[in-house]
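Please look at the sequence and the model first.

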Amino acid sequence: MQDCKDHDILTVTTTVGAMEDAQRLARAIVEQRLAACVQVEAVGASFYRWKGQLCDDPEVRLSIKTLPRLRGELERFFAQAHPYDLPQFLCATQQASAAYADWVRGEVNA
């Protein structure tokens with residue numbers, strides 16, 4: 001019987017301020033095999049406080065599908081390539097179907 005952990009997928013979300021930045025990051029992440037898939041979607045406005053100022057900016061969300069063991073590599077990639085000084089890096093481990101988990105494993109760095 002297969003262990004449930006074999007079906008674990010890590011979903012990482014981040015945001016950027018422009019579609020061009022989102023597409024650049026998504027392409028690089030998949031090309032470097034840090035993730036099997038990156039979904040890009042416009043989210044409208046984000047309201048937040050930054051350095052004491054209330055901000056209201058358009059943002060684009062990236063939803064990155066990878067494996068839990070690649071979290072550190074993806075964080076290092078963000079430190080180098082993400083346009084924000086403090087990028088959002090939110091992770092959630094999810095149970096995928098066996099077929100989807102196999103596909104993700106086959107598409108990321110071995």
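Predicted model: local features only at pLDDT ≥ 70, side-chain atom pairs only at ≥ 80, totals over all residues.

## Overall layout

The protein chain contains three helices and four strands. Read from the N terminus, these elements follow the order β-α-β-β-α-β-α. Along the principal axes, the C-alpha atoms of the protein chain fill a box of roughly 55 × 25 × 20 Å.

Of the 110 residues in the protein chain, 37% are buried. Among contacts with a separation of 6 or more, 75% are accounted for by residues 24 or more positions apart.

## Surface and charge

The protein chain exposes about 6700 Å². Carbon and sulfur atoms supply 51% of that area.

There are 12 positive and 15 negative side chains in the protein chain. The centres of the two sets are 3 Å apart.

## The largest pocket

Rolling a probe the size of a water molecule over the atoms shows where empty space is left. The largest pocket holds about 290 Å³ of space, and its lining consists of 13 residues. Nearest the centre of the pocket lie Tyr-48, Trp-50, Glu-59, Tyr-84 and Leu-86.

Two strands take part in the lining: β2 (37–50) and β3 (53–66) each supply at least two residues.

## Two loop residues with positive phi

Most residues other than glycine have a negative phi. Arg-33 is not a glycine, yet its phi is positive, at about 60°. Arg-33 sits in the loop between α1 (19–31) and β2.

Lys-51 also has a positive phi, near 55°, and is a residue other than glycine. The loop between β2 and β3 holds Lys-51. With a relative accessibility of 68%, Lys-51 counts as exposed, because the cut-off for exposed is over 50%.

Where is Asp-85 found? Asp-85 is in the loop between α2 (71–81) and β4 (90–95). Its relative accessibility is 69%, so Asp-85 counts as exposed.

Leaving aside residues up to four places away in sequence, Asp-85 touches Trp-50 and Lys-51.

Terms used
Residues numbered from 1 in each chain as written. Heavy atoms only, no water. Buried < 20%, exposed > 50% of the residue type's maximum accessible area, 1.4 Å probe, protein only. Contact = heavy atoms within 4.5 Å. Areas by Shrake-Rupley, 256 points an atom, 1.4 Å probe, with all protein chains shown as cover. Lys, Arg positive; Asp, Glu negative; His and termini not counted. Charge placed at Lys NZ, Arg CZ, Asp CG, Glu CD. 1 Å grid on protein atoms, 1.4 Å probe; cavity = no way out; pocket = protein on both sides within 12 Å on 5 of 7 lines; lining within 4 Å. Points joined across faces, edges and corners; volume = space filled by probe spheres on them.
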